[in-house]
Amino acid sequence: MIPVAFDYVAPESVEDALAALAEAGDEGKVLAGGQSLLPVLRMRLNAPERVIDLSRIANLRGVCEDGDHIVVGAMTTHHEVAHDPLIRDHAAVLAEAASTVADPQIRHRGTLGGALAHADPAGDLGAPVLALDAELVVTGMGGERRVPATEFFTDLFETAVGDGELLTAIRIPKHTGWGGAYEKFVRVSHQWSIVGVAAVVKGSGGTVEQAKIGLTNMGSTPLRASAAEAALAGASGEAIAAAAAKAADGTTPPSDLNGASDYRAHLARVLTRRAVDRALGA
Amino acid sequence: MTRISVKVDGVRYSDDVEPRTLLVHYLRETLGKVGTVVGCDTSNCGACTVHVDGRSVKSCNMLAVQADGREVTTIEGIATDGGLHPMQQAFHECHALQCGYCTPGMIMQAIDLVGENPDASEEEIREGMEGNLCRCTGYQNIVRAVQQAAGVMAGQAASSSQAGE
Amino acid sequence: MTAVDDRPTTEVGTARVRKEDQRLITGRTKWTDNIQLPGMLHLAMVRSPFAHANIGAIDTTAAQDAEGVVAVFTGKDLADDQGVNINAWPITPDQLTPTHLPVAVERVACAGEIVAVVVARSAAAARDAAELVDVEWAELPAVLDLKEAAADAVLAHPDLGTNKSALWRLDSAEQGSGGDVDEAIAKARESGIVIEREYRQQRLIPAFMEPRSTVVDPTGEQLVVWSSTQVPHILRFALAATTGVPESKIRVIAPDVGGGFGGKLQTTPEEFATFAVARRLGKPCKYTETRSETMISCHHGRDQWQKLTLSAEKDGTVTGLKVELLADLGAYVAIVGGGVPVLGAWMFNSIYKFPAYQFNCQTVLTNKTWVDAYRGAGRPEATFAIERMMDELAAEVGADPIAIREKNWITHEEFPFTTVAGMTYDSGNYEAATAKALELFGYDELREEQRRRRESGDPVQLGIGVSTFTEMCGLAPSRVLGSLSYGAGGWESASIRMLATGTVEVVSGATPHGQGHETAWSQIVADRLGVPFENVEVLHGDTQVAPKGLDTYGSRSLVVGGEAIVRAADKVIEKARPIAAHLLEASVDDIEFESGRFTVKGTDQGMGLTDLALAAFTCHNFPEGVEPNLDADATYDPVAFSFPHGTHLCAMEVDTETGATTMRKYVCVDDIGTIINPLIVEGQVHGGLVQGIAQALWEEAVFDDQGTLVSGSFVDYTLPTSADTISFVTDHTSSPSTTNTLGTKGVGEAGTIASTPAVVNAVVDAIRHLGIDDIQMPCTPERVWRAIQSAGESSGGSVPEQAQEHFAAGGLNQDPGAGSPEPPTASTTAGENA
């Protein structure tokens with residue numbers, strides 16, 4: 001099927017992109033990798049008058065170090081995130097989660113910033129970004145602001161990115177030496193996550209010192225499993241399983257074809273235990 | 001209309017396209033490259049897979065305007081010197097196709113996969129082809145074909161690098 | 001001539017790589033959507049969003065005015081000459097068959113029905129304008145649930161007065177092929193075993209990879225129709241029979257067709273609408289559907305409730321089987337329609353010697369997408385039911401599931417065997433196939449591993465599923481079809497043309513869409529006529545080239561169409577024999593034919609068949625009164641079905657914590673008689689297996705309570721990928737069919753028929769010790785988990801009938817008339833992921 005007609009601009013700088021956004025106003029739509037937007041347009045679920053393509057802005061793509069952070073450009077593709085040595089060293093769970101997004105062709109075009117800004121609760125990248133305590137760099141005409149991941153996802157398909165702003169980078173505190181694991185549950189491999197759990201764990205000898213858990217598709221936004229995290233501190237052996245059993249506390253997961261709410265809650269508990277065990281190297 | 005310049009299967013083209021034109025529709029309708037086909041509207045099936053600047057993408061999930069200045073390779077552009085690409089040959093020999101509709105996308109993705117991971121295991125091949133649906137073959141012979149072609153391509157790479165020394 | 005040292009002594013049995021691959025692997029293909037004709041117009045369909053509604057006024061003004069729009073037609077505009085979608089098999093004389101107009105005029109009975117057609121110079125313009133067509137809908141109550149429909153509280157078609165279309169019954173006592181099933185069950189209730197189960201055959205979507213497309217060119221003397229169809233000959237017949245256009249004025253071509261699996265065994269509203277519009281406008285017209293349109297409008301498959309009562313003696317000897325089916329037809333009775341579940345009537349007794357049997361099938365209309373043949377068509381449903389029941393019987397008796405089957409199956413000495421359903425099986429050897437499968441599978445070792453895992457309380461349990469199946473294929477002896485009131489015969493046609501330069505054209509009425517007919521037919525002809533494989537060209541799929549044919553479905557091409565080719569080849573030889581005698585100056589009685597050469601008995605004199613073709617072409621020296629032509633036609637009407645069988649064994653791991661299932665091993669040993677091409681057979685088996693496994697584990701067409709198909713795209717209709725499947729072990733035993741010259745049996749559907757129960761039996765077997773005796777298909781992790789949670793009290797339960805939104809960034813914008821859409825949010829870096 002064919003999208004409704006639109007105008008297209010491909011600015012080559014963030015400034016030009018912001019200007020194009022301002023000019024388009026409510027009628028504009030930002031195109032990052034386009035791997036969710038194109039199906040939306042093709043099925044005519046949305047019909048923007050103007051599409052603003054960020055793919056020609058060179059400095060939105062790539063990964064670099066900034067002291068105790070790594071900075072990932074919003075237009076860095078999933079494939080690049082999955083293979084980047086800095087991310088693998090300092091934010092391994094994000095690399096693993098990126099390697100599970102959709103399929104190879106999608107990962108060649110889809111971008112980290114696009115996925116986060118699309119804010120599909122079934123998307124795989126919100127949970128690791130939350131678990132890593134990342135900050136999202138949002139740029140507007142007035143300059144940059146940094147939004148903690150916990151404040152970024154505001155609702156289903158909604159984020160803290162305001163009118164006339166762009167998500168331009170993701171700043172991730174280095175989690176060097178922490179273990180990371182992303183447990184994704186699907187029925188068939190090309191499916192969106194039914195539930196996913198991102199675990200970032202500091203610990204040794206089978207004992208958790210600190211664990212941070214992000215949940216995929218357990219509510220209208222990616223979530224942190226705070227109760228489980230608290231219970232995991234200092235846990236080992238059976239106590240890890242007991243702590244993981246709190247993973248769904250306070251969540252209201254969706255019910256759909258792929259799983260009723262209570263089943264998702266159950267999966268979150270099982271997957272949290274498995275993710276923590278794996279991240280801990282158990 | 002937006003003017004784009006794109007190299008497809010080694011030939012330079014310059015065309016005015018509507019921005020809403022999908023790359024696959026540009027290939028099929030403007031250039032007559034009907035070897036690349038459309039199988040779905042949600043980017044699940046992978047039948048439309050082509051290479052853009054050397055990497056596999058789903059051409060139904062990309063606008064033609066996004067291909068401006070890029071190099072596109074389709075199923076029609078991989079045979080060289082009148083001979084089949086080793087992946088095409090392997091699909092033929094291993095009976096990795098029946099109706100053939102998914103085949104162009106399968107072959108293009110398989111070439112990308114082997115390019116990235118020349119020694120892929122069966123499991124890696126199966127995961128690397130997860131973005132391409134086939135309803136006829138049950139995948140088994142496709143996996144076999146990718147394994148066979150990987151061997152041939154590795155041999156070719158070795159001999160061409162020797163030749164280049 | 002080049003050396004042909006590598007040539008096999010016979011082509012039949014050789015794993016030839018396919019002739020048809022070359023164009024498919026290079027993109028040099030002719031899919032219908034590839035066709036471009038001068039002045040061609042494009043169609044977009046306006047479809048009903050409602051499951052059941054009266055059509056009020058349709059305002060087409062805005063659409064008519066849109067740029068590039070040539071015409072807009074409503075059902076009323078086309079009413080006089082659009083034809084009608086036919087049902088070819090009224091299963092009973094009093095079957096209720098609602099009229100199915102291609103473009104609805106007064107009322108729609110399911111979502112996706114076409115109510116208007118927009119014609120424009122480009123597909124994009126047609127789609128744009130389709131959204132400007134404003135339809136006044138008056139929604140009617142819809143009946144969606146099969147059992148509720150059978151209760152007639154809400155009617156799918158109010159004018160019919162009931163949803164019950166037809167009741168079809170086979171009773172072994174009544175027809176004299178066995179005893180009284182009710183007596184057998186009554187007796188077993190007193191002193192034996194009675195197993196009663198109800199199984200759900202969920203609704204499936206064929207999901208061929210090529211979306212359907214139709215091009216109609218009315219600019220010549222004939223109307224030329226290209227369509228992505230399995231049945232060009234039947235389409236031509238249906239168009240002629242219902243539109244008033246003489247059959248001789250219609251040419252239908254099925255070019256490259258991207259899969260079918262029964263899903264393109266239909267004459268569709270889209271084909272009729274495109275035909276009507278092209279005639280009206282006098283311009284070539286094309287319609288190509290989107291995948292979303294395929295999912296809602298292409299006929300679906302399966303969809304039955306199966307109530308089964310099996311009686312047995314305490315040792316597990318079955319004494320009777322009673323089958324009561326409710327079959328959902330959807331909104332209309334499709335071309336085979338109620339005949340699909342009826343095809344199962346002869347298969348529930350499968351490979352077993354049941355003394356008494358009864359089959360009842362009630363077909364029911366609902367306000368959902370129509371249902372028709374999908375790979376296996378009636379036989380997978382039957383096989384699933386009986387193979388599940390045999391496992392239940394084994395569990396009840398406490399016997400191994402193989403042993404319980406062995407106790408009841410027909411032994412190889414007993415063939416030919418007339419079954420309790422009245423079918424005569426010509427050949428088979430269930431013992432041999434089963435023995436081979438058990439060995440390849442490592443049955444005893446896996447049983448031992450299963451025991452260990454159970455004892456240790458492993459969270460991952462192992463289950464072993466057995467499926468010993470047979471099927472009837474090779475549709476079909478025409479007199480049998482006639483006795484069942486089927487609207488056509490079951491013959492197939494072939495022609496062989498001997499060209500002057502030595503090559504051979506074979507014309508086949510069977511129309512492939514991936515099966516490899518070009519290769520297999522070449523192998524048959526090469527052997528029969530003694531010509532090189534490469535020199536045989538197979539032509540098909542065009543009613544002008546292959547004017548007689550009944551097309552490809554029901555695993556019929558080889559066993560019926562292949563036999564027609566053999567007979568045509570034999571006629572060529574017989575036509576050539578007197579000419580050879582004349583040219584060799586010998587008596588006809590002394591002429592022998594072998595390996596492509598006619599020779600004179602007892603001499604070294606001889607000449608090749610292809611030399612005779614040249615002699616016929618020049619006709620310089622021909623016997624008196626003999627026509628200078630070696631070509632021959634044959635039409636073969638089969639005398640019986642063929643009955644492939646096999647033993648399939650499946651090992652499944654079940655993660656009891658999540659309910660996730662993983663296939664560990666799958667072995668099948670099929671007996672399909674003589675194999676023409678092992679490579680093609682293996683491919684058919686692999687593909688069939690995955691479709692059957694997918695029914696067991698993944699696929700289901702789910703409608704919500706509004707009648708909207710929520711699994712309406714590949715996002716939610718979960719087809720398996722390479723990463724979800726494994727490599728299978730396939731092997732064969734062979735007891736050649738005695739009903740055709742080649743000894744072949746069909747193979748196209750075998751994998752699909754056999755695998756579904758093997759997988760479900762394995763999943764149930766893995767957790768039977770937890771008190772579970774069924775999981776409803778598809779056996780999703782959630783259903784498995786729930787069954788474990790309730791220790792079998794719930795065998796599946798309902799699924800929330802909604803899909804998750806992944807692409808709804810900005811709200812619905814499909815119908816500007818339907819309210820103002822949410823404005824797109826400029827602020828999000830939308831894009832990404834999937």
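Helix 18 of chain C bends by about 30° at Arg577(C), with a proline, Pro578(C), following within four residues; the bend is the angle between axes fitted to the seven residues ending there and the seven starting there. Helices (H or I, at least four residues) and strands (E, at least two) are DSSP runs, numbered from the N terminus. This is a predicted model, where local features need pLDDT of at least 70 and side-chain atom pairs count only at pLDDT 80 or more, while totals for chains, interfaces and linings use all residues. Residues are numbered from 1 along each chain as its sequence is written, and chains are lettered from A and ligands numbered from 1 in the order in which they are written.

**More on helix 18 of chain C**

- Helix 18 covers residues 557-583, and its 27 residues should span 39 Å at 1.5 Å a residue (1.5 Å times one less than the number of residues); the end C-alpha atoms sit 37 Å apart, which agrees.
- Just past helix 18 of chain C, Glu585(C) has a positive phi of about 55°.

- Chain A is split into domain 1 (7-53), domain 2 (62-173) and domain 3 (179-279), with bounds from an automatic or database domain assignment.
- There are 35 Å between the C-alpha centres of domain 1 and domain 3 of chain A.
- Chain A puts 63 residues in contact with 45 residues of chain C; contact here means C-beta atoms, placed from the backbone, within 7 Å.
- On that side of chain A, helix 7 gives the largest share, five residues.
- By class, the side of chain A that touches chain C has 34 nonpolar, 21 polar and eight charged residues (Ala, Val, Leu, Ile, Met, Phe, Trp, Tyr, Cys and Pro are nonpolar, Asp, Glu, Lys and Arg charged, and the others, Gly among them, polar).

**Chain B overall**

- Chain B has five helices and five strands, running β-β-α-β-β-β-α-α-α-α from the N terminus.
- Its radius of gyration is 16 Å, close to the 15 Å that the globule rule gives for 165 residues, so chain B is as compact as a globular protein of that length (taken over C-alpha atoms; the rule is 2.2 Å times the number of residues to the power 0.38).
- The C-alpha trace of chain B spans about 45 × 45 × 25 Å along its principal axes.

Notes. Two residues are in contact if their C-beta atoms, placed from the backbone, lie within 7 Å.
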